[in-house]
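The sequence and structure come first.

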Amino acid sequence: TRTPVNVTVTGAAGQIGYALLFRIASGHLLGADVPVNLRLLEIPQGLKAAEGTAMELDDCAFPLLRNITITADPAEGFNGANVALLVGARPRTAGMERGDLLAANGGIFGPQGKAINDNAADDIKVLVVGNPANTNALIAQRNAPDVPAERFTAMTRLDHNRAIAQLAKKAGVTVNDIKKLTIWGNHSATQYPDIFHAEVAGKNAAELIADQNWLEGDFIPTVAKRGAAIIDARGASSAASAANAAIDHVHTWVNGTAEGDWTSMGIVSDGSYGVPAGIISSFPVTTKDGKFEIVQGLEISDFSRARIDASVAELVEERDAVAELGLI
Ligand code: NAX
């Protein structure tokens with residue numbers, strides 16, 4: 001039998017944590033044959049609720065779930081971690097400036113990066129979900145100098161999945177027919193969902209649909225503002241879909257992209273497509289054997305270039321702001 005994989009989830013008592021933990025424990029993160037140990041990392045106020053979730057996890061009698069650790073100590077939470085899902089973050093509250101938000105999250109993701117550096121397993125893979133996800137991932141990565149930079153990623157898979165769903169609806173096909181969609185840039189309203197290389201049942205999506213009004217006036221804003229639309233409708237932010245995207249992100253990273261397709265991940269830029277090296281930006285990537293590669297050689301139109309540049313400029317500003325604050 002396989003050795004259990006240690007999976008750490010921060011913010012385990014939150015709403016995404018609640019939607020995420022049961023799917024990890026039932027084998028959807030890593031595979032139906034991979035046993036898991038869960039490490040739930042919370043702040044002290046969240047420990048009691050995390051214990052309640054752990055009781056429910058016990059009550060599922062999941063065949064793959066070995067043990068559950070609940071802690072507010074990052075060193076214990078990341079001890080031996082093979083996969084870490086950093087979900088807990090400081091949300092923006094009324095009257096908070098962007099600098100305050102970045103500083104408050106730096107106070108979370110800096111120490112967590114250090115704790116990962118000092119305690120995680122050598123093969124650690126990190127996914128940052130907590131917002132601002134790209135810059136939080138950058139802070140964690142820069143505080144973990146002994147961990148290869150490519151092990152720190154930020155989640156744009158929810159945006160990717162949202163874009164696939166919108167494109168499938170427009171084209172009148174199922175999501176299974178959509179391939180090679182890309183989210184570029186930041187997980188924020190400036191993100192750029194790119195259909196110019198996407199395929200609908202094997203045909204180029206942009207040529208098939210050829211509707212610039214829909215692209216600019218409907219598709220791009222619907223995908224970019226979907227989070228706000230969910231809050232408006234549900235009275236709470238995306239939780240199950242965010243948890244699902246986190247599962248997809250790690251599952252694809254570990255198990256590979258399908259032949260003839262790719263996915264979107266926020267990763268440390270190597271300078272590809274003119275994105276400044278070092279920032280964590282979303283790219284089209286293929287994955288294989290637990291490693292990813294940026295899809296190279298895509299032709300970028302002026303329309304796409306301007307949108308990618310705008311989102312990347314926001315990431316550069318965020319990087320400069322956290323550098324100024326001494327967080328990286
Ligand atoms: P909740 O407020 O329900 O839960 C957050 C949990 O994190 C709380 O239980 C809190 O006690 C815990 N927490 C706070 N600081 C912590 C720390 N230092 N260590 C450990 N735990 C800590 O938020 P939820 O709806 O679960 O969302 C979590 C994060 O995901 C937010 O930052 C949210 O903005 C972000 N999202 C990111 C998405 C993405 O696509 N990248 C989409 C969904 C979501 O909005």
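The model is predicted, so local features need pLDDT of at least 70 and side-chain atom pairs count only at pLDDT 80 or more, while totals for chains, interfaces and linings use all residues. Residues are numbered from 1 along each chain as its sequence is written, and side-chain values use heavy atoms, with hydrogens and water left out.

**Helix pairs**

Two packed helices are described by the angle between their axes and the distance between the axes. Axes are lines fitted to C-alpha atoms, for helices over the stretch in contact, and angles run from 0 to 180 degrees between N-to-C directions. Helices (H or I, at least four residues) and strands (E, at least two) are DSSP runs, numbered from the N terminus.

| Helix pair | Angle between axes | Axis distance |
|---|---|---|
| α6 (157-171) and α8 (212-224) | about 140 degrees | 9 Å |
| α5 (133-142) and α11 | about 40 degrees | 10 Å |

The angle makes α6 oblique to α8. Angles under 35 degrees count as roughly parallel, over 145 as roughly antiparallel, 65 to 115 as roughly perpendicular and the rest as oblique. The crossing of α6 and α8 is right-handed; a crossing is right-handed if the near helix is turned clockwise from the far one by less than a right angle, and left-handed if anticlockwise. On the α6 side, Asp159, Arg162, Ala163, Gln166, Leu167 and Lys170 are in contact (heavy atoms within 4.5 Å) with Trp214, Phe219, Thr222 and Val223 of α8. This contact of α6 with α8 comprises 5 nonpolar, 2 polar and 3 charged residues. Ala, Val, Leu, Ile, Met, Phe, Trp, Tyr, Cys and Pro count as nonpolar, Asp, Glu, Lys and Arg as charged, and the others, Gly among them, as polar.

Helices α5 and α11 are also oblique to each other, and their crossing is right-handed. Asn134, Thr135, Leu138 and Ile139 of α5 make the contact with Leu315, Glu318, Arg319 and Val322 of α11. Of the residues in the contact of α5 with α11, 4 are nonpolar, 2 polar and 2 charged.

How many of the residues of α5 are buried? The count is 9 of the 10, so α5 is largely enclosed by the rest of the structure. Buried means under 20% relative accessible area, exposed over 50% and partly exposed in between (1.4 Å probe, protein chains only). The buried residues of α5 pack against α4 (98-119), β5, β6 (152-154), β12, β13 and α11.

**Nonpolar cores**

A nonpolar core is a set of buried Ala, Val, Leu, Ile, Met, Phe, Trp, Tyr and Cys residues joined through side-chain atoms within 4.5 Å. The largest has 36 residues, and Leu167, Leu181, Ile195, Phe219 and Phe283 have the most contacts inside it. Helix α8 gives the most to this core, with 5 residues. A second, separate core of 34 residues includes Phe22, Leu38, Leu127 and Ile247.

**Backbone**

Most residues other than glycine have a negative phi, and most peptide bonds are trans. The peptide bond from Asn131 to Pro132 is cis, with omega near -5 degrees; Pro132 sits in the loop between β5 (125-128) and α5. Lys180 has a positive phi, near 55 degrees, and belongs to the loop between β7 (178-179) and β8. Its relative accessibility is 22%, so Lys180 counts as partly exposed. Tyr273 has a positive phi near 55 degrees and lies in the loop between β12 and β13. At 13% relative accessibility, Tyr273 counts as buried.
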